[in-house]
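These are my notebook entries on a single structure.

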Amino acid sequence: MRELGFLSFVPNHGGTAGAAAALEDGLRLFATAESLGYGTGWVRGRHFEPFLTSPMTFFAAAAQRTSTIGFGTAVLGMRYEDPVRLAEDASTVDLLSGGRVQLGISTGIAGYGPILDPVFGASERSFRDEAEARAARLLEVLQGDPLGSAGKGYESIPAGADLTLQPLSPGLRDRVWWGGGSTGTAIRTAEKGLLLHCSTLNTEDTGAPFAEAQADQVRAYRERFAELHPSRTPKVAVGRIVVPLLDDHDRQVHEEFLTGYASGMDDEGRPLNGPPFRFSKVVSGGVDEIVDALSADPAVQATDELVITLPANGDAASHERILRIVAEEIAPRVA
């Protein structure tokens, strides 16, 4: 049976006054998900939006409320991450949680550059080149590679000693994921020896239906990974927005999200205005409808972990209800 995960934006609908309560809701959701048997809770890292912006500090708190569930980032855009500081934080949380961090990264979205570069600092390299350089540096740090020398001595470090990550969590490097979106990215992810996280967005439009194109990405990733890393086991996570509508209250709670999501794209998931991306459809309806849709989805069938992506604008009660229905009534029946 494939693993079951979920993804939450940890939304804050209450503004500044509601920020603490929103984080507390997120922590309770992780504890509830663990009790329902979810293997990993994934979060976004969204700068300046009313969602979670500091995943590692959140995970440090969640680690004290849970004992088995994993903590994943899906995904952190490396263009605006400091690789050494991220490695220090992620390794610390991994040790605190007993090895439960799943560190998902990607380049990020280049279109945000004109907005975020002035805030985080400009780069002489292109957006992608800067992000790739920072990602490569992160992997070096997590491997425990020497990052510099103490020279004549630095604080408690003797003269001539190498500067390496402290604290080092040895298994974390093998739990780094790359956010996919195209066949080329999937192949490059395999070449880097990373795990593959496919979301509800494809960054290319091959003309094939969304799920078929994503299944092709998974297939290309597995083939290349097996070729280059025969002694290791590749791993894939695939996300789907799942919204059970079992009564009038469910329909009322999710109507705004469902209408808004569908209004921005055509029937094939192509944005009406925007880049040539493809988005997956929301899987909604009754339990039987959702089971049939997921069982017929070729990317879901090809994945190791099905990630239930929660609506960004839902409240804590509706999110918990989705996770409970999926865990108890849907996931056990997905072939």
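Entry 1, a serine. I looked up Ser8 and found it in strand E1 (residues 3-8); strands (E, at least two residues) and helices (H or I, at least four) are DSSP runs, numbered from the N terminus. The model is predicted, so I note that local features need pLDDT of at least 70, that side-chain atom pairs count only at pLDDT 80 or more, and that totals for chains, interfaces and linings use all residues. Residues are numbered from 1 along each chain as its sequence is written, and side-chain values use heavy atoms, with hydrogens and water left out.

Is Ser8 buried or exposed? Ser8 counts as buried because its relative accessibility is 2%; buried means under 20% relative accessible area, exposed over 50% and partly exposed in between, with a 1.4 Å probe and protein chains only. I then listed its contacts (heavy atoms within 4.5 Å). Beyond the neighbours within four places in sequence, Ser8 touches Leu29, Trp42, Val43, Arg44 and Leu310. A polar atom of the Ser8 side chain lies 2.9 Å from the backbone nitrogen of Val10.

I examined helix H9 (residues 287-295) and helix H11 (residues 316-330), whose axes come within 11 Å and cross at roughly 75°. Axes are lines fitted to C-alpha atoms, for helices over the stretch in contact, and angles run from 0 to 180 degrees between N-to-C directions. H9 and H11 are therefore roughly perpendicular, the term for 65 to 115 degrees; under 35 is roughly parallel, over 145 roughly antiparallel and the rest oblique. H9 contributes Val287, Ile290, Val291 and Leu294 to the contact, and H11 contributes Ile325, Glu329 and Ile330. I recorded 6 nonpolar, no polar and 1 charged residue in this contact. Here Ala, Val, Leu, Ile, Met, Phe, Trp, Tyr, Cys and Pro count as nonpolar, Asp, Glu, Lys and Arg as charged, and the others, Gly among them, as polar.

Strand E14 (residues 305-309) is largely enclosed by the rest of the structure, because 5 of its 5 residues are buried. Glu305, Val307 and Thr309 lie on one side, Leu306 and Ile308 on the other. I checked the pairing, for which DSSP must find at least two bridges between two strands. E1 and E14 run parallel and are joined by 5 bridges, with Glu3 opposite Glu305. Strand E11 (residues 236-244) also runs parallel to E14, again with 5 bridges, and Ala237 has Glu305 as its bridge partner.

Entry 4, strand E8. In strand E8 (residues 176-180), 5 of the 5 residues are buried, so E8 is largely enclosed by the rest of the structure. E8 pairs in parallel with strand E5 (residues 101-106) over 3 bridges and with strand E9 (residues 195-198) over 4. I noted Trp178 opposite Ile105 and opposite Leu196 in E9.

Most residues other than glycine have a negative phi, and most peptide bonds are trans. I found a cis peptide bond between Ala74 and Val75, with omega about -5°. Another joins Gln166 and Pro167, with omega about -5°; Pro167 is in the loop between strand E7 (162-163) and E8. Phe48 has a positive phi of about 70° and is exposed, with a relative accessible area of 60%. Glu155 has a positive phi of about 50° and, at 76% relative accessibility, is exposed.

How values were computed. A polar contact is a pair of N or O atoms within 3.5 Å; within protein, one must be able to donate a hydrogen and the other to accept it, and residues adjacent in sequence count only if both atoms are side-chain atoms.
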